[in-house]
Amino acid sequence: MDPLAIELPCADPGHVLWYRGPAEQFVESLPVGNGLAGATLRGLAGGERIQLNEGSAWSGPTDRSAPLLDPAEGAATLQAVRDAIDAGDVRRAEDLLMDFQSTHSQAYLPFAVLSVEAAGTVAPAEGPTRCLDLRTGVAGHRYLLDGAEARHRTFASHPDAVIVHDIAFGAPADLRIGISPDKITARGMDAVTQDWGTELRLGVLLPADVAPSHEQAAEPVVYGPDSRAGAVHAGIVTDGDAGFADGVLGIRGATFVRIVLATGTVLNHPSARHANTADDADALARLLSARIAGVLKEEAFEPAMERHLADHAGLYSRVSLELGGGSAAAAGKPTDERIRAFETDRSDSALMALLFHYGRYLLIASSREGGFPANLQGIWNEQLQPPWSSNYTININTQMNYWPALTTNLAECHEPLLRLVDTLARTGTAAAGLYGARGWAAHHNTDPWGHPFAVGAGKGNAMWASWAMGGTWLADAVWRNYSYTGDLARLQAAWPALEGAALFALDWIIGEADSGTHTSPSTSPENRFVADDGGPAAVGRSATMDVSLLRALCASVRQAAAALGSPVPWLDDLARKVAALPQPAIGSRGEVLEWSFPATEHEPEHRHTSHLAGLFPLQEWSPQATPELAAAAARTLELRGPESTGWAMAWRLGLWAHLGDAGKAEESLHLALRVAGDGLAERGGVYPNLFTAHPPFQIDANFGTTAGIAEMLVQSDAAAIRLLPALPAAWGDGSVRGLRAVGGIVVDLRWSGGVLGSAVLRSPADVGRDIVWDGRRISVELARGEDLELSAGSFV
């Protein structure tokens, strides 16, 4: 293989991350993924370090996390909590709520490392040496080995469920290839000679239970009868001489090496049979070997490469974004230098567009059909006890991961989230039953096995543990998916989840419609107020977020029932109870009250803005329909301040966009693109590889920022599509293609100097919609499959 045959496009500022040297740490490495497995690449001179993650590599499933409370006592204990709240005894209420807690949900684990080491004198190549092309999903790097150029190329194929790593040397080279488990237990390694080359096989054992890193668990990592087997198979073909010894494959005189990696565990999804027998491990080995052979056989690789490129481009190329302004000099710098320069010169609009595209790339790489949803780190993790278990935090973070899925035309990537909702609708009946309620419930943490209970092991603070609305918020994804895709069969399949969430709401809401209803206990996720005794407290009645989520759920269920033509006898009762909940209130400072009563905030600049969910993402409020609430939301954001963690700033970006404040939205975006680092606690930003910082690394802000940029350009609901609602003046001339509006309508826009040049809308069905630009509204009829073109002159 000619080294020049491995192309490394490292100079496109719009769609490529590139660097002058190798990565030294995880947040500098470049990610690839196929939604089933992921890898991060260091781009080392003289070799490579590929850190592998397997999407099904979670600790558990386990029964270790049962609640402390006997289910038979649940309803009575809940009533005691409510009585304490009514009596003003918040301390007793919070103490009683701890009885509902289980220990913890499970953790997403590291898996294995493949190392490549070439022998010889190594020197850096001139110019760009390491890059990731978002358009192709291909990463690569280059260096000099004994004076001749060497190139590496890596991609993760979803159609073939493998990760491919190619190496080409300008002169024959010697190298060593090894695979080792990454912080988990090895079960042995061997090599098998196949008719197409050499196959390395590494077996691993996953812990049955992993406690969160913030807990002082007596046994933080537990192996036992519930531990599951996993494996990595590496198929290797080369024109050199290969031999296996001491766990390492040595190759001499190679000009090319191709490595194909397949990973898996004996339990790939919660819907699969839970077994851990020798037969299961053998079946997994056969599956992984077949995947490798299907790519490595002589006639198979080029078609496999074409399948990957077509599959990736079929998703990624749906949307394009060009932002005017900025300088060619800024855009021509390596990505890490551009991030540092952005601290003082924010004219690099192409970097903002790159961050937008990167979020779409990461969602494609970490959330695909057949895999688990993107977790707190997507599908990439290097720690055995990762921050917050790298799990699903469903009081904002998991939801934010999927904010861009529908608006940026990646509905296929939304499916894993819907499968998680289906899982929780089954497992969450136990959590609802613990409260004496029907339906299903989930709290603020869960995992692929559908852990539904409050966590904290009887010690968790109510501000995060005692929030029973996780299922209510997740159910919103079901209707939202249908509103964009029109997939009636998927809506029908998900109806049990919607129905179960609604039945829980019916039993959770207290009181009668004619005298007023409320929720109790109620918290506003992770925030607290100052109680009468002067200390911080979290529990009360009818937090504003509760009401917003329940109103959204009621609307979703009503629309879903109408779409399905299903009679729902309890729907009117739910609607009456929800309508009787307290309306959002405005405080003395002009802000939206977070709780149902005026309260002094324990942390006035708290990162969560839960009480503004009615504005975004739920879109129940707007400057047009509810101007007083919109103005109060703006005041709330001013009081919270612009500074916060990464995902919190991404939420602020979306909120300001829905308030139509382009300047504040742009300011939030600028803050999101600051340099992140270990010494910058509670300050969001980006790392050198554009991973976003909570800190530490959390991927939710990558997705939330992408969604926020989309919301600056197009917003929609069932009534109207709003064009350029929060367009910053600094973006100058620009265009966007392929954004999606409610109803599946695809929107292409061009603008110049802040003025709409053209808008092209394509609908999958005949439909009438209102279109809004610059405060002006027109009604149009869209014909199925036909383009409708508008301009500024269309808005009279």
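How many bridges pair strand 32 with strand 33, and in which sense do the two run? They pair over seven bridges, in the antiparallel sense. This is a predicted model, and the report below walks through several of its features.

Strand 32 covers residues 767-773. One of its residues, Arg-769, has Val-780 in strand 33 as its bridge partner. Strands of a sheet pair through backbone hydrogen bonds, and the sense may be parallel or antiparallel.

## The largest pocket

The largest pocket holds about 580 Å³ of space. Its lining is made up of 29 residues. His-214, Trp-388, His-444, Asn-445 and Trp-464 lie nearest the centre.

What classes of residue line this pocket? The lining has 16 polar residues, nine nonpolar and four charged.

## Two cis peptide bonds

The bond from Gly-60 to Pro-61 is cis, and its omega is near 0 degrees. Pro-61 sits in the loop between strand 4 (47-54) and helix 1 (74-86).

A cis bond also runs from Phe-616 to Pro-617, with omega near 20 degrees. Here the proline is in the loop between helix 15 (571-579) and helix 16 (627-640).

## Positive phi in two loops

Glu-526 is not a glycine, yet its phi is positive, near 70 degrees. The residue belongs to the loop between strand 22 (516-519) and strand 23 (529-530). Is Glu-526 buried or exposed? Its relative accessibility is 14%, so Glu-526 counts as buried.

Ser-542 also has a positive phi, of about 50 degrees, although it is not a glycine. Look for Ser-542 in the loop between strand 24 (536-537) and helix 14 (544-564). Ser-542 is buried, with a relative accessible area of 4%.

## Salt bridges

The count of salt bridges comes to 33. One of them joins Asp-166 and Arg-153, at 2.5 Å from N to O. Asp-166 lies in strand 10 (residues 162-181) and Arg-153 in strand 9 (residues 148-157), so the pair ties together parts that are 13 residues apart in sequence. Asp-166 is buried, at a relative accessible area of 0%. Arg-153 is buried too, at 11% relative accessibility.

Asp-717 forms a salt bridge with Arg-722. The closest N and O atoms of this pair are 3.3 Å apart. Asp-717 is partly exposed, at 25% relative accessibility, whereas Arg-722 is buried, with a relative accessible area of 14%.

## A salt-bridge network

Which residues do salt bridges with shared partners join into one network? The members are Arg-589, Glu-591, Glu-594, Glu-601 and Arg-640.

Arg-589 counts as partly exposed, at 39% relative accessibility. Glu-591 has 9% relative accessibility, so Glu-591 counts as buried.

Note on methods
Residues are numbered from 1 along each chain as its sequence is written. This is a predicted model: local features need pLDDT of at least 70, side-chain atom pairs count only at pLDDT 80 or more; totals for chains, interfaces and linings use all residues. Side-chain values use heavy atoms; hydrogens and water are left out. Two strands pair if DSSP finds at least two bridges between them. Helices (H or I, at least four residues) and strands (E, at least two) are DSSP runs, numbered from the N terminus. On a 1 Å grid over the protein atoms alone, a cavity is a set of points where a 1.4 Å probe fits but cannot get out, and a pocket is an open set with protein on both sides within 12 Å along at least five of seven lines; lining residues have an atom within 4 Å of a point. Grid points are joined across faces, edges and corners, and a volume is the space filled by probe spheres set on the points. Ala, Val, Leu, Ile, Met, Phe, Trp, Tyr, Cys and Pro count as nonpolar, Asp, Glu, Lys and Arg as charged, and the others, Gly among them, as polar. Buried means under 20% relative accessible area, exposed over 50%, partly exposed in between (1.4 Å probe, protein chains only). A salt bridge is a side-chain nitrogen of Lys or Arg within 4 Å of a carboxyl oxygen of Asp or Glu.
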